[in-house]
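I opened this model to look up its fold, its core, its charged pairs and its surface.

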Amino acid sequence: KISFQLIPEQWNYIAINVKKNIVKLYLNGQLQKKIDAGAVYKNSDYPMDIGNWKDQSRPFSGLIKEVRIVAENVLTEQGVSKTWKKIQRDLILNEQ
């Protein structure tokens with residue numbers, strides 16, 4: 001189980017990288033957690049829930065602007081940090 005605290009009333013950028021059994025969670029460009037999940041993740045027929053627990057007991061309250069799911073291992077710490085900096089620049093430009 002991975003948990004983290006979002007910053008209320010602000011945009012939050014979350015990135016998750018799963019490579020074999022290692023799960024890395026980034027929040028706003030910074031590595032927050034790195035865990036060994038104990039087993040290699042495999043595709044399944046189970047539905048994927050974004051913004052809630054599997055049993056639907058904790059619904060997310062807010063706005064999810066964008067979700068990307070890619071099969072390749074494209075997230076590096078530097079790439080996540082670079083993407084967050086670009087998001088911050090775009091947010092500042094949009095406020096002007």
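The entries below go from the overall fold to single residues.

I am working on a predicted model, where local features need pLDDT of at least 70, side-chain atom pairs count only at pLDDT 80 or more, and totals for chains, interfaces and linings use all residues. Residues are numbered from 1 along each chain as its sequence is written, and side-chain values use heavy atoms, with hydrogens and water left out.

**Fold.** Helices (H or I, at least four residues) and strands (E, at least two) are DSSP runs, numbered from the N terminus. The order from the N terminus is β-β-β-α.

**Strand pairing.** I took two strands as paired if DSSP finds at least two bridges between them. E1 (residues 14-19) and E2 (residues 22-27) run antiparallel and are joined by six bridges. Lys-19 has Ile-22 in E2 as its bridge partner. The E1-E2 hairpin has two residues between its strands. In that turn, Lys-20 has a positive phi of about 55 degrees.

I then moved on to E2 and E3. They also run antiparallel, with six bridges. Leu-25 is opposite Lys-33 in E3. Two residues lie between the strands of this hairpin, and Asn-28 takes a positive phi near 50 degrees.

**Contacts.** I counted a contact where heavy atoms are within 4.5 Å. Among contacts with a separation of 6 or more, 30% are between residues 24 or more positions apart.

**Burial and core.** I called a residue buried under 20% relative accessible area, exposed over 50%, and partly exposed in between (1.4 Å probe, protein chains only). Of the 96 residues, 14% are buried. Which residues form the largest nonpolar core? I list five: Tyr-13, Ala-15, Tyr-26, Val-80 and Trp-84. A core here is a set of buried Ala, Val, Leu, Ile, Met, Phe, Trp, Tyr and Cys residues joined through side-chain atoms within 4.5 Å. I checked Trp-84 further. Neighbours within four places in sequence aside, Trp-84 touches Trp-11, Tyr-13, Asn-28 and Gly-29.

**Salt bridge.** The rule asks for a side-chain nitrogen of Lys or Arg within 4 Å of a carboxyl oxygen of Asp or Glu. I get a count of one. Asp-90 pairs with Lys-86, with the closest N and O atoms 2.9 Å apart. Both residues sit in helix H1, four residues apart, about one turn of the helix. Asp-90 is partly exposed at 31% relative accessibility. Lys-86 is partly exposed too, at 45%.

**Surface.** I took areas from the Shrake-Rupley method with a 1.4 Å probe; for residues, only the protein chains shown count as cover. The accessible surface is about 8,500 Å², and 51% of it belongs to carbon and sulfur atoms.

I also looked for patches. These are made of residues with over 30% relative accessible area and no salt bridge, joining like charges within 9 Å and nonpolar side chains (Val, Leu, Ile, Met, Phe, Trp, Tyr) within 5 Å. One nonpolar patch has about 970 Å² of accessible area together, and its members include Phe-4, Ile-16, Met-48, Phe-60 and Ile-69.

**Ile-69.** Ile-69 lies in the loop between strand E3 (30-36) and helix H1 (77-95). The C-alpha atoms of Ile-69 and Ile-16 are 9.8 Å apart, with 53 residues separating them along the chain.
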